[in-house]
Every structure is written in C-alpha cells, then in structure tokens.
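Trainee: Could you take me through the strands of this model and the charged side chains around them? I would like a close look, with the cut-offs spelled out.

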Amino acid sequence: MAQGCLISKDDVAMEAIGQEYLQNLAMRSFFQDLVREKNGEKILTLKMHDMVHDFAQYLTKNECSVIELNNDFTRKMESLDKKPRHLTIVRSEDSCFPDNIPNVEKVLTFWVQSFHDSPPIRSQLDRIEPEFFLRSTCLKALDLSRNRIGELPIEVENLSKLKYLNLSHNPLCELPSNLCNLYNLQTLKLSACNHLQKLPEEIGKLVNLRHLEIDRTDNLKVLPKGIGELKSLQTLSKFIIVKGDNNATCGIEDLGNLNNLRGCLKIEGLGNVADADVAKKAQMHKKIHLTDLHMDFGNSARNRIHDEVIEALELNENLQSLAISSFVGTKFPKWMMNLTKLQKLLLQDCQNCIKLPPLGKLPSLATLDLEGMNAVKFIGLDFSRDPSNVDAKSVFPKLKKLKISKMENLEEWDLIGQEDGGMFRDGDFEIMPRLRCLKVSSCSNLKALPNVLLQRVPLKKLRIDNCTLLREKYRKGTGEDWKRISHIKKIRVS
C-alpha cells in the first residue's frame with residue numbers, strides 16, 4: 001500500500017484489495033502456514049515457500065538488499081552495483097544503531113531489523129543521525145520497530161513521501177510536532193511504546209492517516225483533539241476520554257466523524273461522560289465496520305446518568321465481540337438485545353447491576369464471561385429468555401463456553417424457573433444445546449449448579465475453583481451431587 005501498488009476502485013478500500021490479492025496468491029500455493037482470523041476471512045500471518053522466496057530474491061536482486069550490520073557493513077553498502085530501492089539492515093543484539101549509511105538517496109523501503117524491547121536504562125538508547133532523514137527523501141516505508149530509539153529527530157519532516165512509519169516497541173516519550181507535516185502518511189504504528197505519554201497536538205493534519213496503532217501504551221493517558229478530524233481512520237487501538245471540559249483533549253463526541261473505524265477498539269474513561277446527549281454525538285450505531293469493542297467506564301463514582309449514557313451509545317448490529325467493564329450504572333442497555341451477530345461478550349466489574357439482561361436471546365453468542373458482578377444474587381429465567389416470548393424454542397442456541405467468576409454474592413442459579421416445577425419445564429425448549437465448557441470460580445455463596453445444565457447439556461469440560469459450597473457438593477466420590485457430573489469427560493473441582 002505504501003508503494004502505491006494498491007489503488008481504491010468502486011469504493012473498495014485499498015486494504016480490501018490487498019487482502020484479495022493475498023487470498024489469490026495463497027489459493028495458488030505461493031504461501032504456507034497461513035494463520036487466519038477465527039471467521040476465516042482475513043489472513044493474519046503467513047510464510048513464503050522457499051522456492052518462491054529464492055525466485056523472488058533472484059528477480060529483485062538489483063532492487064532489494066539485506067545486509068548484516070557488522071564491521072564490514074559500510075564496505076558492503078558501497079560495493080553494491082546499483083543503489084537498492086528496498087533495504088533491510090539486520091542488527092545483532094550487541095551492535096549499535098547504523099549511522100552514515102551510504103547509498104540511501106533512492107531507497108523507498110528501509111527496515112532496521114532488530115529484536116530489542118524498550119530498555120529501562122536511558123544510556124542504552126539509540127540515536128538516529130538527522131542527516132539520514134535529509135538524504136532519504138524518497139522513502140515511502142520506514143520500519144524502526146524493536147530498536148532502542150528514545151527520540152525521533154525533527155528532520156523526520158523531510159520524508160514528505162512517507163506513507164508507512166513503524167516505531168513500535170521503542171522507548172519514545174513523545175513524537176516531534178513536525179511529524180504532523182507528513183501529509184501522505186497512511187500508517188503510524190506505536191504499539192508497545194510503553195514510555196509514550198502524548199501524541200502531537202496537530203495530529204489532525206495527517207488527513208490521509210488510515211491506521212493508528214497505539215495498543216499497549218499504558219502511559220498514554222490522553223489523546224489530542226485532532227484525532228476526531230482523521231475521517232479516513234480505519235484502525236484506532238484505543239480512544240481515551242478524560243475528566244473535565246478540556247478543549248485540547250478528545251471527548252466522546254470526537255468519535256462522531258470516525259465512521260470508517262473497523263476491527264478492534266477500546267474506549268477508556270466512559271465514566272467521565274456526564275451527558276447522554278453528548279454521548280449520542282459519538283454515532284456509535286454508524287460504525288458498521290467495527291467488530292470488536294471494549295467499553296471501559298474506569299473508576300468513576302456511581303451516577304444515574306451512566307444508565308442514560310450507555311443507552312445513548314447504541315452500537316451497530318454488526319458487532320461481533322463486546323466487553324463492558326467497570327460500568328457503575330444499575331442496568332444494562334436495551335440495545336444489547338439487538339446485537340444479533342454478537343459472538344463474544346464480557347461483563348466485568350459492573351458492581352451496581354443487580355439483574356442480568358436476557359442474554360439467551362442472542363442468536364450468535366458463543367462465548368460468555370461474567371466477572372465481578374457482585375450485586376447479582378440470583379440468576380433466573382429472565383437471564384435465559386424473555387418470559388413474555390413463550391414461542392422461543394431455544395436459549396443460548398450457539399453458546400459453547402460459559403465462565404462465571406468473582407460473583408461472591410451469587411446464591412442461586414436457576415435456568416428454567418424453579419427446577420422443581422416452574423412456569424417452564426426443561427422439555428419445553430432447548431437450553432444451551434452446544435455448550436461444551438463451563439467454568440465457575442470464586443463464587444463462594446453459590447449453592448448449586450442447575451441440574452438441567454449438568455444433565456441435559458453436552459458438557460465436555462467442567463471446572464469449579466474456589467467455590468466453597470460447590471466444592472463440597474460436587475467433590476469426587478463423596479459429594480452429594482457427584483453423580484450428576486461424573487459423566488463429564490474433564491472435571492476439575494478445587
């Protein structure tokens with residue numbers, strides 16, 4: 001993409017065209033050991049066959065060079081018959097960052113291959129000579145990841161043709177403001193830059209930016225307002241909302257223009273949103289390409305407005321994975337039941353919600369994780385299905401894995417409405433017909449697991465940890481209900 005080999009056509013994104021090319025090459029056995037997304041659509045990693053690799057090297061021997069950084073490095077660079085267009089320098093663990101690199105005036109791709117992590121000792125940092133950026137003005141792709149770069153020279157603004165910049169796994173504290181003059185930049189990778197504390201305030205000038213990777217940047221606590229102006233942005237690892245009315249940092253409303261976002265997104269600081277009308281401006285329902293979302297409300301105080309805020313953040317039905325953590329409201333949003341394509345759901349540390357939503361209605365849900373829901377004392381029929389919908393013949397129809405943990409106040413769990421004869425009999429409808437794995441941990445007051453779950457569901461794995469009452473009830477051989485679970489293939493009770 002950085003080299004201009006992918007051109008958008010008929011409203012099809014460059015990334016989609018690139019994936020199509022990759023799929024075609026894979027289908028023709030150019031690659032091996034393919035790793036795909038769980039849905040099988042996107043190729044994540046691959047290896048090139050040795051024969052194909054050797055042939056590609058032969059065809060590009062005058063354009064691509066791979067040189068090890070050692071005492072003979074300068075002589076090798078100067079002895080090249082032709083100036084390379086794509087240059088990789090392989091750096092050993094004890095070698096210094098290369099300087100005074102010859103023959104880089106026409107290089108289009110430059111990669112310093114290294115495997116360092118961000119070092120804790122500042123004296124170990126690498127230094128990039130400013131002259132390199134003054135001579136490498138043709139660069140379109142620059143990969144300096146996993147080196148020990150603590151500061152990026154301001155001369156980086158001379159790389160006006162640069163489209164791809166990877167600085168991941170470097171101990172950078174900040175980026176120079178004139179980085180924002182690289183108007184052609186499409187991809188900026190800052191993953192695992194643990195020392196990074198802020199992004200340039202004028203980042204909104206990068207109007208062609210499509211991918212901003214800032215995952216695993218724990219010291220990055222704020223985002224500049226300009227993020228909301230990047231309308232072409234497709235990848236944004238996290239979006240941070242800070243407390244107070246600060247015109248220099250992002251608010252929830254700045255998500256409103258980012259409707260091209262796709263893949264995964266974590267929104268941090270949702271507990272700082274104090275106005276449902278402002279939350280609506282995020283237009284979350286318009287983000288049709290977003291598949292994985294984590295809504296983190298943080299350590300905020302209990303406030304009734306949070307029920308209204310989360311209701312205003314209605315999500316698009318295309319979402320496949322959702323996590324809601326540290327929500328301090330008292331009830332979950334109604335729109336959750338509209339997420340018909342949702343496959344994975346995590347509800348974590350939502351301390352004030354006393355009732356779970358009727359998640360059994362979600363037709364595609366395959367993995368459910370309930371953690372730290374300490375206000376919940378009873379899981380009943382309304383968790384499995386809507387009592388008003390008596391026509392439903394199956395609840396949790398595709399659920400394969402269920403985990404319940406750290407729910408210390410949970411006492412009873414009844415899937416069918418009083419198992420000794422409630423409003424529904426277990427033969428009236430299917431209950432979790434595909435469930436294979438059940439894990440229950442740190443639920444010390446839970447008295448029993450639903451009998452219908454143990455005897456009518458094809459469980460393959462049952463794990464009970466740190467649950468005082470359950471441990472005694474289902475203890476191997478001596479527990480009063482051991483016979484109810486003894487048929488399950490893999491059992492662990494501890």
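Mentor: Happy to; we start with the ground rules, go on to the strands, and finish with the charges.

This is a predicted model, in which local features need pLDDT of at least 70, side-chain atom pairs count only at pLDDT 80 or more, and totals for chains, interfaces and linings use all residues. Residues are numbered from 1 along each chain as its sequence is written, and side-chain values use heavy atoms, with hydrogens and water left out.

Eight strands build it in the order 3-4-5-6-7-8-9-10, with parallel pairing. Strands here are DSSP runs of E with at least two residues, helices are runs of H or I with at least four, and both are numbered from the N terminus. Two strands count as paired if DSSP finds at least two bridges between them. Strand 3 (64-68) and strand 10 (235-236) are the edges; each has a single partner strand, so one side of each has no neighbour in the sheet. At the strand 10 end, two bridges connect it in parallel to strand 9 (residues 211-213), and L212 has L236 as its bridge partner there. Towards the other end, T88 sits in strand 4 (residues 86-90). T88 is buried because its relative accessible area is 16%; buried means under 20%, exposed means over 50%, and partly exposed lies in between, using a 1.4 Å probe and protein chains only. From T88 to E68 the C-alpha distance is 8.4 Å, for a separation of 20 residues in sequence.

Now the charges. The whole structure holds 20 salt bridges, each defined as a side-chain nitrogen of Lys or Arg within 4 Å of a carboxyl oxygen of Asp or Glu. One of them is E174 with K198, where the closest N and O atoms are 3.8 Å apart. This pair links distant parts of the chain, 24 residues apart: E174 is in the loop between strand 7 (164-166) and strand 8 (187-189), and K198 is in the loop between strand 8 and strand 9. E174 counts as partly exposed because its relative accessibility is 43%, and K198 is partly exposed at 45%. E202 and K205 form another, with 3.5 Å between the closest N and O atoms. In the pair of D465 and R463, the N to O distance is 2.6 Å. D465 is buried at 13% relative accessibility, whereas R463 is partly exposed at 26%. There is also a network, in which salt bridges with shared partners join K473, E480, D481 and R484.

K460 lies in the loop between helix 8 (451-456) and strand 23 (461-465), and K460 is partly exposed, with a relative accessible area of 48%.
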